[in-house]
Amino acid sequence: MDSFLIEGGRPLHGEVTISGSKNAILPILAATLLTPDTCRIRGVPDLSDVRFMLQILESLGAETKFERGMVTVRAAKVRGFGDYELIRKMRGSICILGPLLARCCEARVSLPGGCVIGTRPIDLHLKGLRALKARITVEYGYINATTRRLAGTTVFLGGRAGPTVLGTANLMMAATLATGVTVIESAACEPEVTDLANFLVSMGAKIQGIGSPTLTITGVDRLNGTDHEVIPDRIEACTFICAAAATRGEVIIHGARPDHFAAVIDKLREAGVQIERKAGTLRVTRPGKLKPADVTTMPYAGFPTDVQAQFMALMCLAQGTSVITERIFESRFMHVAELMRLGAEIAIEGPNAIVKGGLPLSGAPVMASDLRASAALVIAGLAAKGKTQVHRIYHLDRGYERMEEKLRKLGAKILRVAGE
Ligand code: EPZ
């Protein structure tokens, strides 16, 4: 398993371009199953999760091609049963369930595993699809779903932690080919859900309320192929902003959509980070000392849970105490112990992490546990003095395209060490 070797203490300087959004492209790739025609998607990041999803589509009978950021998919003939090993390995693959049911009236996918950040239930996905008249059983680790034809209805999709992103995606995709009208109440409003909705509309779907908590989908008989450019990855953008601020550098970020992460920009400014919007780019500097800032993660347009770990790494450097509250997932603090190995002082009290910032960070070997925790450890390593080795960065490769190359171009001393 590969690791990153980082020599910290060097301010990041230069320009970086944000790649396409992982959390937008995964459901969009699933949506290509809804039509026998060819779909072309541009601006696709080369990530292991994207390659996994393409393998899953091929195991379902689709033809796929991925060259220079352009993905072509033609799901002329599709079967409802795929490669269970692959499907089980990647949680995001749950969003093939809705399209398969809509297209083939049957689907058999393996239950997605939980992961280190929580149990990751799918009760809301199943509630929504059952409401559309799918018959679903869960046994032997598989979800078996069949339907004569999906039928539109109104369904409230909110759960104990608010809306579900992939649950909304699953139901919206299924509803595009159902009879009648489906109303999804308490739908997720994340930009990635909006990008999927726009992709579906470009295929001929009828969707109203895009970007709002109430989506109204009028079923059609057939969807067509389309061309689409995926939105930039707001989480990657926030990650690079935190890295620039942590190293007290000056970074120009190209290709980001600041309207997709206003809550993060607001918190970063409160902490003393300067973010100037100039002709489609963001200029990030941190002229003075970092100030502590409290954060609670929330559904969109609140502070995103996917930036919680990276922001915590930054608050380790602030002069004072910050309280970071995780309200979306039940155990998304795996990065805390590893940050403490770098010298941070953090106490966990239930959903709160109390970060006593301002202590000097010093390099050490640390272990990545999940995608965003890995990013937090890279940020801390870039700011720490001395050497930090981040092990198991396969987690990071799932969601960040060529991260070490982008950081090296910004002056970081970072090396990918081939797996031990
Ligand atoms: C998506 O996961 C993202 N993944 C996650 O990003 C992101 O953290 C999450 O949305 C929240 O924004 C992809 O888009 C591939 P949820 P998803 O369903 O859809 C509970 C990353 O780092 N819930 O919105 O699986 C759930 O337990 C990843 O890029 C139910 O209770 O998340 C959680 O507490 C990590 N029942 C909350 O809802 C359900 O049926 C939000 O989960 C489904 C979810």
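Helices (H or I, at least four residues) and strands (E, at least two) are taken here as DSSP runs, numbered from the N terminus.

## Basis of the model

This is a predicted model, in which local features need pLDDT of at least 70 and side-chain atom pairs count only at pLDDT 80 or more, while totals for chains, interfaces and linings use all residues. Residues are numbered from 1 along each chain as its sequence is written, and side-chain values use heavy atoms, with hydrogens and water left out.

## Backbone features in loops

Ala279 has a phi near 45 degrees, a positive value in a residue other than glycine, and its place is in the loop between β15 (274-278) and β16 (281-285). Arg120, which is not a glycine either, has a positive phi of about 55 degrees, and Arg120 is found in the loop between β6 (106-110) and α5 (123-131).

The peptide bond that runs from Tyr300 to Ala301 is cis, with omega near 20 degrees. Ala301 itself lies in the loop between β17 (295-296) and α10.

Helix α10 (residues 308-315) and helix α12 (residues 371-383) have axes that come within 7 Å and cross at roughly 20 degrees, where axes are lines fitted to C-alpha atoms, for helices over the stretch in contact, and angles run from 0 to 180 degrees between N-to-C directions. That makes α10 roughly parallel to α12, given that angles under 35 degrees count as roughly parallel, over 145 as roughly antiparallel, 65 to 115 as roughly perpendicular and the rest as oblique. The crossing of α10 past α12 is right-handed, a term used if the near helix is turned clockwise from the far one by less than a right angle, with anticlockwise giving left-handed. On the α10 side the contact (heavy atoms within 4.5 Å) is made by Ala309, Gln310 and Ala313, and on the α12 side by Arg372, Ala373, Ala375, Ala376, Ile379 and Ala380.

Helix α8 (residues 234-246) packs with α10 at an angle of about 5 degrees, and their axes are 10 Å apart; that makes α8 roughly parallel to α10. In this pair, Ile235, Thr239, Cys242, Ala245 and Ala246 of α8 meet Gln310, Phe311 and Leu314 of α10.

## Packing of α8 with α12

The axes of α8 and α12 come within 9 Å and cross at roughly 20 degrees, and the two helices are therefore roughly parallel to each other, in a right-handed crossing. From α8, Ile235, Thr239, Cys242, Ala243 and Ala246 meet Arg372, Ala375, Ile379, Leu382 and Ala383 in α12. By class, this contact has 8 nonpolar, 1 polar and 1 charged residues, where Ala, Val, Leu, Ile, Met, Phe, Trp, Tyr, Cys and Pro count as nonpolar, Asp, Glu, Lys and Arg as charged, and the others, Gly among them, as polar.

## The second largest pocket

The second largest pocket has a volume of about 260 Å³, a volume being the space filled by probe spheres set on grid points joined across faces, edges and corners. A pocket is an open set of points, on a 1 Å grid over the protein atoms alone where a 1.4 Å probe fits, with protein on both sides within 12 Å along at least five of seven lines, and lining residues have an atom within 4 Å of a point. Its lining comprises 18 residues, of which Ala246, Arg248, Arg286, Leu317 and Ala383 lie nearest the centre of the pocket, and by class this lining has 10 nonpolar, 4 polar and 4 charged residues.
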